[in-house]
Amino acid sequence: MVYYALEFTAEIDGLTNLQPRGGCDDPTYTYYFKLRCENCGEISQKSTCVSLSEEVPLPNGRGTTNLVQKCKLCSRDGTIQMIPGQGKPLTDSQGQSGQYARLMIFDCRGFEPVEFSFGDGWKAESISGETTFEMDLSEGDFADYDEKSECPVGISNLKAVFKVVKKTGDGARAVYR
């Protein structure tokens, strides 16, 4: 089993706390990304979707996971289990300095996640904290005007990476570095 952390960054102007609409552990937020088969190296042509609210039985019948999928080239099964509780919103200071914020951890067996796609269902707050903006990031950017603070706000240069992380500890004390 390999643990992958999805981390993201963006240039943020006048906003902070960029995250999925219901928070980093939003059960209704759907993550879209392509998968690389660890057996044959084939990358899926279409993005796969996975969310915390969807659980399916494991092929061996011992428990559940968030995704079970077969590689179209070699027919090997792979699974992805999402691990909530590890994500944090992207702050304005992280965005300005190019730092990445961790969004979610994925326990992947048989597949490697690649090419995360930003979509609808995001939110961010104005720097003053008085206004919340809901946004669709599928085009890669967002621009609006904060009437309360009387200034333009925006998000651009969205970037996401999957990094291999190691798990230390068990249960609620587990830490992924």
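First, a term I need: buried means under 20% relative accessible area, exposed means over 50%, and partly exposed is in between (1.4 Å probe, protein chains only). Ser75, at 45% relative accessibility, therefore goes down as partly exposed.

Before going on, a note on the source: this is a predicted model, where local features need pLDDT of at least 70, side-chain atom pairs count only at pLDDT 80 or more, and totals for chains, interfaces and linings use all residues. Residues are numbered from 1 along each chain as its sequence is written, and side-chain values use heavy atoms, with hydrogens and water left out.

I found Ser75 in the loop between E7 and strand E8 (77-83); strands (E, at least two residues) are DSSP runs, numbered from the N terminus. Ser75 isn't a glycine, yet its phi is positive, about 65°. Asn17 is another non-glycine with a positive phi, near 55°. I located Asn17 in strand E2 (residues 15-20), and its 21% relative accessibility makes it partly exposed.

**Asp107.** Is Asp107 buried or exposed? I wrote down buried, because its relative accessibility is 8%. Asp107 sits in strand E9 (residues 101-109). Its side chain makes a polar contact with the side chain of Arg109 (3.2 Å). Such a contact is a pair of N or O atoms within 3.5 Å; within protein, one must be able to donate a hydrogen and the other to accept it, and residues adjacent in sequence count only if both atoms are side-chain atoms. Setting aside neighbours within four places in sequence, I also see Asp107 in contact (heavy atoms within 4.5 Å) with residues including Met1, Tyr3 and Ile80.

Strand E11 (residues 120-126) pairs with E12 in the antiparallel sense over 5 bridges; pairing takes at least two DSSP bridges between two strands. The hairpin has 5 residues between its strands, and Gly129 in the turn has a positive phi of about 80°.

Terms used:
Helix = DSSP H or I, 4+ residues; strand = E, 2+ residues; numbered from the N terminus.
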